[in-house]
Amino acid sequence: MTRLGAGDAAVGLAPRVPTGSEENFQGTGTLELAPGLYASTVPLAVGSRMKLQGFLNAGPYLDVDDVDRSEGRYGAGLDAR
């Protein structure tokens, strides 16, 4: 994890191994690698009783057997407390 002036950032690698039966929708049947970037902002005070914090997870899912089936994925969110 890296501390930045505006928040935090980290990178990771998640392997997805083929388990389960493709016919029963329990897996893709191929090995996938998912490198990712995970970032968050510092909490921003809104008034005296609330803070907001943004989050982003982004990266590709790389299909090792068929690169054309690879896809990019992301998720963004806002946490209020």
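## Strand pairing and side-chain contacts in a predicted model

Strand S4 (residues 44-46) runs antiparallel to strand S5, to which 3 bridges join it; strands here are DSSP runs of E with at least two residues, numbered from the N terminus, and two strands count as paired if DSSP finds at least two bridges between them. This is a predicted model, in which local features need pLDDT of at least 70 and side-chain atom pairs count only at pLDDT 80 or more, whereas totals for chains, interfaces and linings use all residues. Residues are numbered from 1 along each chain as its sequence is written, and side-chain values use heavy atoms, with hydrogens and water left out.

**Strand pairing around S5**

- S4 and S5 form a hairpin with 3 residues between them, and Gly47 in the turn has a positive phi of about 75 degrees; within this pairing, Ala45 has Lys51 in S5 as its bridge partner.
- Strand S3 (residues 32-41) is likewise antiparallel to S5 (residues 50-63), the two being joined by 6 bridges, and in this pairing Leu33 stands opposite Leu62 of S5.
- S5 also pairs with strand S6 (residues 71-80), in the antiparallel sense and over 10 bridges.
- Two positions illustrate the pairing with S6: Tyr61 has Glu71 as its bridge partner, and Ala58 has Tyr74.
- S6 is hardly covered, since the count of buried residues among its 10 residues is 0; buried means under 20% relative accessible area, exposed means over 50%, and partly exposed lies in between, using a 1.4 Å probe and protein chains only.

**Salt bridges and a charge over a ring**

- The count of salt bridges comes to 3, where a salt bridge is a side-chain nitrogen of Lys or Arg within 4 Å of a carboxyl oxygen of Asp or Glu.
- One of them joins the side chains of Glu32 and Arg16, at 2.9 Å from N to O, and this pair links distant parts of the chain, with Glu32 in strand S3 and Arg16 in strand S2 (residues 7-16), 16 residues apart.
- Glu32 counts as buried because its relative accessibility is 8%, whereas Arg16, at 34%, counts as partly exposed.
- Another salt bridge brings together the side chains of Arg69 and Asp63, at 3.8 Å from N to O; Asp63 counts as buried at 3% relative accessibility, while Arg69 counts as partly exposed at 48%.
- Glu71 forms a salt bridge with Arg73, the closest N and O atoms being 2.5 Å apart, and here Glu71 is partly exposed at 37% relative accessibility, as is Arg73 at 39%.
- The charged end of Arg73 also sits over the ring of Tyr61, 4.2 Å from its centre; the rule asks for NZ of Lys or CZ of Arg within 6 Å of the ring centre and within 35 degrees of the ring normal.
- The structure holds 0 aromatic pairs, which would require rings of Phe, Tyr or Trp (its six-membered ring) with centres within 6.5 Å, planes under 30 degrees apart counting as stacked, over 60 as edge-to-face and the rest as tilted.

**Nonpolar surface**

- Leu13, Val17, Leu31, Leu33, Leu62 and Val64 form a nonpolar patch on the surface, with about 490 Å² of accessible area together.
- Patches are made of residues with over 30% relative accessible area and no salt bridge, like charges being joined within 9 Å and nonpolar side chains (Val, Leu, Ile, Met, Phe, Trp, Tyr) within 5 Å; the areas come from the Shrake-Rupley method with a 1.4 Å probe, and for residues only the protein chains shown count as cover.

- Met50 lies in strand S5 and is partly exposed, with a relative accessible area of 39%; its C-alpha atom and that of Asp65, 15 residues apart along the chain, are separated by 48 Å.
- Val11, by contrast, has its place in strand S2 and is exposed at a relative accessible area of 70%; the C-alpha atoms of Val11 and Asn57, 46 residues apart along the chain, are separated by 9.5 Å.

Key. Helix = DSSP H or I, 4+ residues; strand = E, 2+ residues; numbered from the N terminus.
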